Amino acid sequence: MSLRCLITAGPTREFFDPVRFVSNPSTGKMGFALATAARQAGWTVDLVAGPVALPEPAGVVLYPVVTADEMSRQVDALFGACDILIMTAAVSDWRPKVRHPEKLKKQGQALTVEFEPVPDILTTLAAQRRPGQLLVGFAAETEDVEANARAKLVQKKIDFIAANSVAGPDGAFGAETNRLIVLGADGFRQVMGPATKTVLAQQLIALLLQHLTVHAR
Ligand code: C5P
């Protein structure tokens with residue numbers, strides 16, 4: 001099957017002045033491993049990545065972005081052409097309400113930054129998907145991993161969610177290995193790993209291909 005896959009990876013940065021931002025420890029490894037695995041499966045791959053320190057996977061078109069807003073606009077532009085969207089990016093859920101044009105001066109006082117919610121990219125796209133498009137999310141949880149991920153699967157109206165724990169020193173952010181609980185909207189459930197992110201990526205791509213093949217019949 002000749003498929004076009006859109007993958008997001010890495011963190012986003014949300015600035016409150018030109019040199020300061022809030023972000024998270026996502027390294028982009030899982031998304032980049034998925035891009036490589038999808039390419040190896042013969043798919044055409046667009047990879048939209050926040051700031052990461054990883055080499056560009058061979059044969060993949062990389063679109064570097066910084067903020068959630070930039071990621072949203074880039075993904076919007078590519079979504080219509082894709083058969084599969086896999087959102088591994090740890091998109092910021094909040095951003096500072098104000099981005100000061102000049103660097104804030106420290107004067108020994110406390111700083112209060114007000115945050116506003118960032119629109120959920122997956123939820124927005126799920127509402128405008130065309131028939132046959134497969135949408136996959138990731139859920140990074142610190143507790144009740146499976147229950148929280150299942151709630152997100154339903155809320156976001158997507159086809160699959162891969163849940164992983166980011167709690168404690170063995171959490172998924174930046175680690176070489178991971179354990180995923182993959183949940184499907186049709187009741188599917190499979191635990192993958194612990195295994196390297198390369199192996200997990202290959203297993204997840206194989207699973208999605210199998211799902212598409214069955215549903216294309
Ligand atoms: O709700 P939560 O942020 O935990 O959901 C994680 C999933 O939602 C990931 O697939 C992530 O890429 C996606 N997401 C998004 N837009 C946001 C925040 C998260 O698409 N603003």
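In which loop is Asp144 found? Asp144 belongs to the loop between strand 9 and helix 4, where helices (H or I, at least four residues) and strands (E, at least two) are DSSP runs numbered from the N terminus. The structure is a predicted model, in which local features need pLDDT of at least 70 and side-chain atom pairs count only at pLDDT 80 or more, while totals for chains, interfaces and linings use all residues. Residues are numbered from 1 along each chain as its sequence is written, and side-chain values use heavy atoms, with hydrogens and water left out.

The backbone of Asp144 has a positive phi of about 45 degrees, although Asp144 is not a glycine. With a relative accessible area of 55%, Asp144 is exposed; the classes are buried under 20%, exposed over 50% and partly exposed in between (1.4 Å probe, protein chains only). A distance of 26 Å separates the C-alpha atoms of Asp144 and Leu125, which are 19 residues apart along the chain.

Lys157 lies in the loop between helix 4 and strand 10 (160–165), and its relative accessibility of 63% places Lys157 among the exposed residues. In strand 12 (residues 189–196), which contains Pro194, the peptide bond from Gly193 to Pro194 is cis, with omega near 10 degrees.

The ligand is surrounded by 14 residues, of which the closest are Met87, Ala89, Ile121, Leu122 and Lys152; a residue is near a molecule if one of its heavy atoms lies within 4 Å of it. The shell around the ligand comprises eight nonpolar, two polar and four charged residues. In this division, Ala, Val, Leu, Ile, Met, Phe, Trp, Tyr, Cys and Pro count as nonpolar, Asp, Glu, Lys and Arg as charged, and the others, Gly among them, as polar. At least two residues of the shell come from each of helix 3 (121–126), strand 9 (134–141) and helix 4 (145–156).

An N or O atom in the side chain of Lys152 is 2.5 Å from a ligand oxygen atom. For the backbone, the corresponding distance is 2.7 Å at an N or O atom of Ala89 and 2.9 Å at a polar atom of Leu122. On its own the ligand has 440 Å² of accessible area, of which the protein covers 90% (Shrake-Rupley method, 1.4 Å probe).

Notes. Polar contact = N/O pair within 3.5 Å; in protein donor to acceptor, adjacent residues only side chain to side chain.
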